[in-house]
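Here is a walk through one model, taken a topic at a time. Keep the structure open beside the text and look up each residue as it comes along.

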Amino acid sequence: GIEVPLVLPVWVGLIGGSAGAALPIIVLRREAKNARRQARRMVRCFLDLVVLALAGGLGIEGALHASAAIGDTRVSHQLVRCLDEARDAGRTPWEALEQLGRSLVVPELVELSSAVSLAGTEGARIKSTLAAKAASIRRHELADAEKDANTISERLFIPGVLLLVGFLIFIGYP
């Protein structure tokens, strides 16, 4: 026997519809952020392997192909496929790396392609450049991890304060 104004279901529907539409977008953005973070980690490992292969005497193209074939993540499989397609099409591997970096929105891969293109076209010494790039990515990963840890610590501040207040009330009540 309770009368509900007509405006209430309309507002509840609008708010619920908006939240229902926004939730998948928020979840998808979070997953994309995590995927980019893992792609950056894979690129760092790939760079470390390329540096080791170059130190072992492989050329730049051989080092790229050999290093890409080692990984077992989705990004490394895309990297192998991209490098193989570039080789079969007669394109350079750095063009393929740049295209993959732009399609995955991973700027580290685009930067890697420009550094590798210098080695391929100009004959520049690339081993130290790639090692420095891997160290730079490692520092960025560490900064991101610190930022995430600080965010979690800040989120835990309010529950800690509420727990302390509850404890003080529990002690002071008797």
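This is a predicted model: local features need pLDDT of at least 70, side-chain atom pairs count only at pLDDT 80 or more; totals for chains, interfaces and linings use all residues.

Residues are numbered from 1 along each chain as its sequence is written, and side-chain values use heavy atoms, with hydrogens and water left out.

So what does Glu 111 pair up with in a salt bridge? The partner is Lys 133, and the closest N and O atoms sit 3.1 Å apart. The pair ties together distant parts of the chain, with Lys 133 in helix 6 (residues 127-155) and Glu 111 in helix 5, 22 residues apart. Helices here are DSSP runs (H or I, at least four residues), numbered from the N terminus, and strands would be E runs of at least two. Lys 133 is also partly exposed, at 21% relative accessible area.

How many salt bridges does the structure hold? The count is twelve, where a salt bridge means a side-chain nitrogen of Lys or Arg within 4 Å of a carboxyl oxygen of Asp or Glu. One of them joins Arg 87 to Asp 84, with 3.2 Å between the closest N and O atoms. Those two are about one helical turn from each other because they are three residues apart in helix 3 (residues 74-89). Arg 87 is partly exposed at 48%, and Asp 84 gets that label at 26%.

Arg 91 and Glu 95 make another salt bridge, their closest N and O atoms being 4.0 Å apart. Arg 91 is partly exposed, with 35% relative accessibility, and Glu 95 is partly exposed as well, at 40%. There is also a network of salt bridges, which links Arg 44, Asp 48, Arg 138 and Glu 141.

## How the helices pack

Take helix 1 (residues 7-55) against helix 3: they pack at about 55°, with their axes 9 Å apart. Axes are lines fitted to C-alpha atoms, for helices over the stretch in contact, and the angles run from 0 to 180 degrees between N-to-C directions. That makes helix 1 and helix 3 oblique to each other; angles under 35 degrees count as roughly parallel, over 145 as roughly antiparallel, 65 to 115 as roughly perpendicular, and the rest as oblique. On the helix 1 side the contact is made by Ala 39, Met 42 and Phe 46, and on the helix 3 side by Val 75, Ser 76 and Leu 79. Contact, by the way, means heavy atoms within 4.5 Å.

Now look at helix 6 and helix 7 (residues 157-172), which pack at about 30° with axes 4 Å apart. Helix 6 is therefore roughly parallel to helix 7. Where they meet, helix 6 brings Ser 153, Glu 154 and Arg 155, while helix 7 brings Phe 157, Ile 158 and Pro 159.

## Two buried residues

Is Ser 67 buried or exposed? Ser 67 is buried, with a relative accessible area of 5%, and has its place in helix 2 (residues 60-68). A polar atom of the Ser 67 side chain lies 2.7 Å from the backbone oxygen of Ala 63. Setting aside neighbours within four places in sequence, Ser 67 is in contact with Phe 46, Leu 49, Val 50 and Ala 53.

Arg 37, in helix 1, is buried too, at 19% relative accessible area. Not counting residues up to four places away in sequence, Arg 37 touches Asp 144 and Asp 148.

Val 105 is worth a click: phi is near 55°, a positive value in a residue other than glycine. Where is Val 105 found? Val 105 is in the loop between helix 4 (93-104) and helix 5 (107-122), and is partly exposed, with a relative accessible area of 46%.

Finally, there is Arg 81 in helix 3, partly exposed at 47% relative accessibility. The C-alpha atoms of Arg 81 and Ala 96 are separated by 9.7 Å, the two residues being 15 apart along the chain.

Methods
Buried means under 20% relative accessible area, exposed over 50%, partly exposed in between (1.4 Å probe, protein chains only). A polar contact is a pair of N or O atoms within 3.5 Å; within protein, one must be able to donate a hydrogen and the other to accept it, and residues adjacent in sequence count only if both atoms are side-chain atoms.
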